[in-house]
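Q: Hi! Could you walk me through this structure, starting with the charged side chains?

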Amino acid sequence: MKDKLDELFELQRKMSANFIPVDEFISGGREHPDVQAWTMRYLWCLVEEVVEMARCYPMRKFWVKKNHGREQDKKEALKEYADIWLFLIAVGLINGWDSQAVYNALVEKNKFNEGRFTPTV
């Protein structure tokens, strides 16, 4: 049975295949000549999605008490958050990383980060 991360990777693989030769990237990995260009395109899309999510929250200047009538829009922020995930997954696919590789990297990075901090409690 597939887990949720596997399912997300498969859904994004199918979507990305409409725009890019994602299956060629997956099989060829970093050696494919278009990997760098497509990675950069998708990273810039990712940056745009982060900006769009940030716009869902009022700009708070710590020296100003008012938020100028803007309220946070968590419903729209969740949509942008989903877009961020999808672009992150697409970058992984372009680079030949599957859900297991990403999971392993996240677990390893989490262990590393835990070692960087001393509990305050």
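A: Happy to! In this predicted model, Glu 10 and Arg 13 pair through their side chains in a salt bridge, with N to O at 2.9 Å.

Q: How far apart are Glu 10 and Arg 13 along the helix?

A: Glu 10 and Arg 13 are three residues apart in helix α1, so about one helical turn separates them. An α-helix has 3.6 residues a turn, so residues three or four places apart point the same way.

Q: And is Glu 10 buried, partly exposed or exposed?

A: Glu 10 is partly exposed, because its relative accessibility is 23% and buried would mean under 20%.

Q: Which other residue forms a salt bridge with Arg 13?

A: That's Asp 23, with the closest N and O atoms 3.1 Å apart. Arg 13 is in helix α1 and Asp 23 in helix α2, so this pair ties together parts ten residues apart in sequence. Asp 23 is partly exposed, at 42% relative accessibility.

Q: How many salt bridges are there?

A: The count is three. Lys 79 and Glu 76 sit three residues apart in helix α4, so about one helical turn lies between them. Both are partly exposed: Lys 79 has a relative accessibility of 47%, and Glu 76 has 29%.

Q: Which residues end up in one network?

A: Glu 10, Arg 13 and Asp 23, joined by salt bridges that share partners.

Q: Switching topic: what makes up the nonpolar surface patch?

A: Leu 8, Leu 11, Leu 78, Tyr 81 and Trp 85 form that patch, which covers about 490 Å². Helices α1 and α4 each supply at least two of its residues, and α4 gives the most, with three. Tyr 81, which lies in α4, is partly exposed at 41%.

Q: What does Ile 94 touch?

A: Leaving aside neighbours within four places in sequence, its contacts include Ile 20, Phe 25 and Trp 38. Ile 94 and Val 22 are 72 residues apart in sequence, yet their C-alpha atoms are 6.0 Å apart.

Q: What should the span of α4 be?

A: With 21 residues at 1.5 Å a residue, α4 should span 30 Å, and its end C-alpha atoms are 30 Å apart, which agrees. After α4 comes Gly 96, with a positive phi near 80°.

Key: Residues are numbered from 1 along each chain as its sequence is written. This is a predicted model: local features need pLDDT of at least 70, side-chain atom pairs count only at pLDDT 80 or more; totals for chains, interfaces and linings use all residues. Side-chain values use heavy atoms; hydrogens and water are left out. Patches are made of residues with over 30% relative accessible area and no salt bridge: like charges are joined within 9 Å, nonpolar side chains (Val, Leu, Ile, Met, Phe, Trp, Tyr) within 5 Å. Accessible areas come from the Shrake-Rupley method with a 1.4 Å probe; for residues, only the protein chains shown count as cover. A salt bridge is a side-chain nitrogen of Lys or Arg within 4 Å of a carboxyl oxygen of Asp or Glu. Helices (H or I, at least four residues) and strands (E, at least two) are DSSP runs, numbered from the N terminus. Buried means under 20% relative accessible area, exposed over 50%, partly exposed in between (1.4 Å probe, protein chains only). Contact means heavy atoms within 4.5 Å. The expected span of a helix is 1.5 Å times one less than its number of residues.
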